[in-house]
Every structure is written in C-alpha cells, then in structure tokens.
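I would like the terms to be defined as they come up.

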Amino acid sequence: MRRFEGTDTYVATQDLRVAVNAAIALERPLLVKGEPGTGKTILAHEIARGIGKDLITWHIKSTTKAQQGLYEYDAVSRLRDGQLGDERVHDIANYIVPGKLWEAFEAAAAPVLLIDEIDKADIEFPNDLLLELDRMEFYVYETRRTISARHRPIVVITSNNEKELPDAFLRRCFFHYIRFPDRTTMQQIIDVHFPNLKHELLREALTIFYEIREVPGLKKKPSTSELLDWIKLLLVEDVPPDVLRTRDPAKLIPPLHGALLKNEQDVHLFERLAFLHRRERG
Amino acid sequence: MFFSFFAELRDAKVPVSLREYLTLMEAMQKRVAAFDIEEFYFLARTSLVKDERHLDRFDRVFGHCFKGIETLADPKAELPEAWLKKLAERFLTEEEKKQIEALGGWEKLMEALRQRLAEQRARHQGGSKWIGTAGTSPFGAHGYNPEGVRIGQEEGRNRSAVKVWDRREFRNLDDTVELGTRNVKLALRRLRQFAREGAAEELDLDGTVKSTAHNAGWLDLKLVPERHNTVKLLLFIDVGGSMEDHVRVCEELFSAARSEFKHLIHFYFHNCIYDSVWRDSRRRQIEQTPVVELIRTYDPSYRVVLVGDASMSPYEIEKEGGSVERWNDEPGETWLRRLLDAYPKAVWLNPVPQKYWTGTASIGMIRQIVADRMFPLTLDGLDRAMRRLTR
Ligand SMILES: Nc1ncnc2c1ncn2[C@@H]1O[C@H](COP(=O)(O)OP(=O)(O)O)[C@@H](O)[C@H]1O
Ligand SMILES: [Mg+2]
C-alpha cells in the first residue's frame with residue numbers, strides 16, 4: 001500500500017501523515033476533527049488522489065440512519081409494481097437499494113470511504129455502524145445474503161464536534177485533531193492555492209487574518225477556507241499590499257472583509273475593537 | 001518505560017485501554033512511523049488519544065516519560081507477552097477483561113497477534129534489535145525482562161529544539177470545566193432520544209391521497225420521517241446570589257436546551273420555589289407566574305428540571321416568611337412538594353460539586369424533598385438525571 005505524503009494541492013503536516021498512514025496500514029478508520037474549514041472533508045479527497053484510489057462520499061445529515069449506508073428496501077416501489085402487475089415484483093432483490101458502505105465493499109479495488117460530518121446524525125448512529133466497520137460485512141435479511149468487503153476500504157470519518165462519539169466507536173479509530181494551522185503551515189497552504197502570490201501581500205494578509213482571529217468574542221472565527229476566499233477576492237480586485245498595511249484609520253476594517261467576517265455582529269464587534277486599538281496606538 | 005508511560009496516561013486520566021495499546025504495538029510493528037521519537041510521538045498520539053481535550057495531558061505525560069530521548073530503536077519483532085499480560089491485569093477494567101474473554105481469551109489474542117507479527121516479519125525480513133543504552137530495562141523492576149524492549153538514547157541530534165509535545169499546543173483544548181455547551185447538548189439529547197415515540201416513519205396521509213389521485217387511483221403510499229421531539233419540559237433556574245458562580249453554566253444549559261426541545265418553558269426562582277416564579281429576570285417584580293396557575297396550565301406529562309445550588313439558610317425552606325425575596329405564607333418546602341406532586345417526573349440539578357453536598361444542610365433538605373433525585377451538573381450527572389426523567 002502506498003504511503004500518503006500530502007499532495008500538490010494539500011498540505012499535510014507530519015502528524016497528519018502519520019495518522020493517515022496508520023489508518024491505511026492497520027485498515028482501521030481515521031477520525032478527523034477540527035474547526036470548520038480546516039480541511040477535514042478535503043482530506044479524504046486528497047488521500048484518494050495521493051495514493052490513487054477512488055473516493056466514495058457519504059455525507060451525513062441529521063436524518064441519516066446507519067441502515068441507509070448499508071441498503072434500503074424500497075417497499076413503495078414494490079407495492080406500486082405489484083399493483084401494476086410488473087414481473088419484477090416477485091424478486092425482492094429488485095427493491096434492495098445498496099448504500100454507500102455496500103458500494104465501498106463491492107468496489108474492485110479498495111476505495112477511500114468518506115463518512116462526512118458523522119456528528120450530524122443521531123447519537124446512536126456511530127454505534128449502529130460499529131460492527132459493519134469492524135468486520136467490513138453485513139447481512140441483508142431480505143435476500144439472506146452477506147455482503148463482505150472485497151477489500152477493506154480506507155475509512156475517513158469527520159466530525160465537527162457537535163456531539164461526542166461513543167467510546168466503543170472511538171476505540172476502533174485512529175484519531176487526528178487538525179490544529180488550526182500556524183503561520184508557517186498557513187503560508188504553505190496558501191502557496192498551494194496561489195503559487196504566484198506576491199510575498200508582501202501574503203505577509204500583510206496573514207497578519208490581518210491572525211489579528212482578526214485573536215479578536216475576543218467573535219461568533220465565528222475566520223478559518224482557512226475564509227482566508228483563501230479573501231485572498232482570491234484581494235487578487236480579483238487587485239488590492240495592493242500597502243492598502244492592507246496602511247489601512248485608512250477612517251476605514252477600520254480590512255478591505256473586502258465580507259469574506260472573512262460572515263455575520264454582522266462580528267463586523268460590529270471588530271469595528272469597535274479596531275477603533276479602540278487604533279486610538280491607543282495614536 | 002512503556003509500562004510507566006501507559007500507567008501515567010491512565011493516572012493523568014487519559015482513558016487508554018488495552019485495545020489502543022495493542023493498536024500502537026501493531027502500528028509499530030508495521031512500521032507506520034520511522035524510528036524517530038517525533039514520529040513515534042505522533043503515532044502514539046493518534047493511537048491512544050481519542051479526544052482533543054486529552055491531547056495536552058498526553059503531551060505532558062509523554063514529555064515526562066520520554067525526557068531526553070531522541071531515537072527509538074527498531075523493535076525486535078517479539079511481543080513482550082508477559083509484560084503485556086501484567087499490564088492487562090493491572091489496567092484492564094472488568095468490562096475490558098470480558099471483552100478479551102469474548103475474543104477467545106488472552107491466549108487467543110496473543111496467538112493472533114503473534115501470527116500477524118510473524119507474517120509481518122517475514123515480509124520485512126526481520127528488523128534489528130531495540131537498542132538500549134546502559135542497560136536500562138524498564139521491566140526489570142517487575143521481574144520481566146523481555147529481551148531488549150528498551151529505548152535508546154542518541155546524542156547530538158538536534159537536542160536543543162523544543163519538542164513538539166513540550167510546546168503544549170493543545171493546552172487550551174483541555175476542557176476541565178464542569179460542563180461545556182457541547183456536553184450539555186449531548187446529555188440533553190439523550191432525553192430527546194428516549195422520548196422519541198413510535199416508529200421513525202409515519203404515513204403522510206395528505207401526500208398519499210394527493211399522489212394516489214395523481215396516479216389515477218393507484219395507491220401510492222407516501223411516508224415522512226417522524227422526527228419531531230415530543231418531550232415537554234419545564235425548566236426552573238435559580239438566579240439567586242449564591243448562584244452567580246454558576247450562572248454561566250446554567251445559561252449554557254438553558255441555551256442548549258432551547259434548541260433541543262420543542263416544548264420548553266423556562267422559569268426563574270430564587271433559592272427555593274415559593275408561591276410564584278417568573279419568566280423574565282428584568283421584569284420579575286411585575287410579571288410573576290403563580291405556581292398554582294402554572295400547574296393548571298401545564299399538564300402532568302411535562303417533565304420538570306430544577307437547576308439550583310440548594311445552598312441557603314434552612315429557614316428559607318422550612319419556615320413561613322423564610323424567603324429572601326418577599327413574605328411567603330407557606331414554607332418553601334410546601335411549594336416545592338406541590339410542584340413535585342403535580343409533576344411526577346422531576347429532577348434537581350446542582351452545580352455544586354457533589355463532594356460538598358454533605359457540608360451544606362439545605363442541600364440535604366432539598367435532596368430529601370426531591371426524594372434523592374438531585375444530580376450534579378456534570379455530564380455524568382446530567383446523563384443520570386435524563387435517564388431518571390425517562391423512567
Ligand atoms: N491543509 C490544507 N491544504 C490545502 N488546502 C486546505 C488545507 N486545509 C484547508 N484547505 C482549504 O480549505 C477549504 C475548506 O476545507 P474543508 O475540507 O471543506 O474543511 P472542513 O471539512 O474542515 O470544514 C478546502 O477547500 C481547501 O481548499
Ligand atoms: Mg467539511
């Protein structure tokens with residue numbers, strides 16, 4: 001199995017690489033947590049790309065049930081077909097709709113299976129998948145058939161920490177918490193997205209960005225994805241670096257801040273603080 | 001050294017179990033990490049820690065146990081079985097022991113592991129030994145000396161740099177606060193969980209009729225997920241002076257509860273329940289809700305959660321006129337009992353740590369009145385309280 005070393009579009013820190021490779025080598029799920037926008041979802045894509053695998057994504061919503069990942073029995077269609085006298089109706093297998101896990105189990109080569117935002121679902125959801133992820137097989141009652149993985153998929157699970165996950169589930173996973181990137185790492189991340197960004201602009205933008213993140217009481221701290229959006233805007237609007245540095249004291253918040261501060265309260269808060277700050281400085 | 005590492009992690013309340021430990025061993029055998037202390041640190045961390053709040057504790061223990069160590073030598077692919085066993089005996093919970101039993105017992109487990117390692121070895125064509133320095137066997141003290149399971153020390157490799165674990169980058173994630181919103185939400189969800197009634201799917205009659213008509217009379221069943229929460233809750237929060245310390249936690253509980261329940265009615269009180277409570281703290285003097293009226297308005301299927309430190313003078317509970325708010329004709333106890341009689345499913349959550357409960361007379365009194373349904377305002381306490389409410 002190939003090792004994951006990051007890609008030309010994804011900066012993987014050493015600790016993340018070790019975690020990913022542990023999950024690959026031992027064929028156990030990798031649970032990834034971290035602030036929104038720190039690259040959890042994209043990681044699975046990059047792992048797949050990096051080691052040359054297909055990606056299967058199962059995005060979890062609050063109404064998602066574990067069973068849906070295995071298969072669903074479409075009783076409504078069958079009932080309708082029954083009324084219409086369709087021949088298909090006699091074989092229940094025609095109404096078994098495979099879910100994402102099934103798809104991953106049947107794949108010809110081990111794919112990467114992303115279970116995205118697992119914490120969105122019901123609190124019992126992870127427990128309901130425990131056995132299936134452990135043994136990589138499940139039983140279809142309707143057709144009396146066991147579906148086993150031809151190759152154990154590489155399972156990446158993300159969580160935004162909305163709920164705690166059950167211990168039994170955690171024990172089976174490797175765990176990685178994406179710490180918010182420090183300046184050096186962030187520079188590398190920006191570099192893979194904007195390889196030709198001018199040094200000065202990068203420096204000023206990063207300074208402002210980390211300053212904003214330090215502002216106490218923000219409802220939503222801007223994250224990597226917001227920073228990238230902002231830089232893109234700065235480039236589109238061709239904002240020169242010195243505008244970022246010598247911000248007009250009359251305009252207290254950074255240009256195009258809409259990309260960074262996503263709600264009005266935060267904008268107000270920032271205005272107030274920036275104002276005080278500037279006054280102090282003289 | 002591994003032995004004390006594992007032990008110290010447990011002491012530091014990083015909940016590692018044997019399962020994680022074996023995972024780490026296996027990952028080392030599979031050479032996931034290079035034999036470099038930093039990679040070993042990352043590997044140990046991803047294998048043993050499952051919650052970011054424990055990362056800082058892990059770092060501290062790691063720093064302590066592996067002080068001054070630069071390199072891990074390549075492990076000789078022999079499983080230090082006796083040592084693992086010893087470890088297990090000391091650290092396995094009863095539940096974990098049972099799990100191992102279920103797997104076919106210790107021997108089976110070891111056998112399986114050994115076999116896997118053997119395959120591994122065959123592929124890798126054997127590794128070199130774990131090289132140690134100056135005969136520091138970590139197991140000598142316990143009478144075990146599995147050959148060479150030691151950790152080597154190598155001089156001169158970038159020793160001045162601050163180690164990753166010594167940077168304590170996860171310090172601010174160690175959330176030893178009694179209860180964060182996240183935890184409160186979690187516990188409250190449990191109540192919702194238990195309360196979800198009936199099947200998760202219900203027939204959408206309107207949709208079915210419409211769709212069947214569309215189909216020229218062919219029956220076309222429509223189903224909608226039944227996802228609404230049916231729990232009805234009356235929440236009473238003590239906003240009294242001694243509660244000031246706990247107001248933040250209470251507000252978290254309250255804000256968390258609001259998003260979890262469809263029917264959530266909140267009231268405030270001061271120290272104990274008397275003839276009336278209020279809904280808006282700023283307007284408490286003008287807008288009081290008589291408890292009698294409240295009982296008439298909300299039917300007995302409502303569950304009651306009282307949050308308060310129950311810390312007051314005993315008079316405030318047992319005497320007429322004992323209230324610090326205003327004159328009460330009947331003692332607080334009478335009103336509290338009246339409320340509890342009206343709502344059989346009730347609990348009292350107390351933000352005061354449980355170890356101090358016995359030191360305060362009024363806490364004992366309230367506890368008695370609520371028939372021992374007082375729970376500490378911790379995740380575990382909430383959990384038990386929620387379970388109690390759904391009984
Ligand atoms: N380490 C990284 N390397 C490259 N791009 C990154 C990295 N981390 C985050 N990003 C960028 O941030 C965006 C948001 O990432 P995403 O995976 O959606 O975050 P999350 O799932 O954690 O909310 C991605 O589209 C990606 O472009
Ligand atoms: Mg995401």
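The side chain of D238(B) reaches the backbone nitrogen of N271(B) at 3.1 Å, a polar contact in the sense of a pair of N or O atoms within 3.5 Å, where within protein one atom must be able to donate a hydrogen and the other to accept it, and where residues adjacent in sequence count only if both atoms are side-chain atoms. D238(B) belongs to strand β3 (residues 232-238) of chain B, helices (H or I, at least four residues) and strands (E, at least two) being DSSP runs numbered from the N terminus. With a relative accessible area of 1%, D238(B) is buried, a word that stands for under 20% relative accessible area, while exposed stands for over 50% and partly exposed for values in between (1.4 Å probe, protein chains only).

This is a predicted model, in which local features need pLDDT of at least 70 and side-chain atom pairs count only at pLDDT 80 or more, whereas totals for chains, interfaces and linings use all residues. Residues are numbered from 1 along each chain as its sequence is written, chains are lettered from A and ligands numbered from 1 in the order in which they are written, and side-chain values use heavy atoms, with hydrogens and water left out.

Also in chain B, helix α4 (residues 55-65) is mostly covered, since nine of its 11 residues are buried. Among these buried residues are L55(B), F58(B), V61(B) and F62(B), together with D56(B), R57(B) and D59(B).

In chain A, the loop between β2 (55-59) and α3 (66-70) holds T63(A), and T64(A) lies in that loop between β2 and α3 as well. T63(A) is partly exposed at a relative accessible area of 33%, whereas T64(A), at 7% relative accessibility, counts as buried. The side chain of T64(A) reaches the backbone nitrogen of K61(A) at 2.7 Å.

Strand β1 (residues 30-34) of chain A is largely enclosed by the rest of the structure, because five of its five residues are buried. L30(A), V32(A) and G34(A) point one way from β1(A), while L31(A) and K33(A) point the other way. Two strands pair if DSSP finds at least two bridges between them, and β1(A) is joined in parallel to strand β8 (residues 154-159) of chain A by four bridges, with K33(A) standing opposite S159(A) in β8(A). β1(A) also pairs with strand β9 (residues 174-178) of chain A, in the parallel sense and over five bridges. Within that pairing, L30(A) stands opposite F174(A), and V32(A) has H176(A) as its bridge partner.

β9(A) is likewise largely enclosed by the rest of the structure, because five of its five residues are buried.

Which residues of chain A are the closest to ligand 1? The ligand is surrounded by 16 residues, of which the closest are G37(A), K40(A), T41(A), I42(A) and H193(A), a residue being near a molecule if one of its heavy atoms lies within 4 Å of it. Oxygen atoms of ligand 1 lie 2.7 Å from a polar backbone atom of G37(A), 3.2 Å from a backbone N or O atom of T38(A) and 2.8 Å from a polar side-chain atom of K40(A). Taken alone ligand 1 exposes 570 Å², and the protein buries 82% of that, with accessible areas coming from the Shrake-Rupley method with a 1.4 Å probe and, for residues, only the protein chains shown counting as cover.

The shell around ligand 1 takes at least two residues from each of α2 (40-51), α8 (183-193) and α10 (224-236) of chain A. Domain 1 (14-178) and domain 2 (183-281) of chain A each supply at least three residues of the shell, their bounds coming from an automatic or database domain assignment.

Finally, P222(A) lies in the loop between α9 (199-214) and α10 of chain A. At 1% relative accessibility P222(A) counts as buried, and P222(A) and K262(A), 40 residues apart in sequence, are 8.1 Å apart in space, C-alpha to C-alpha.
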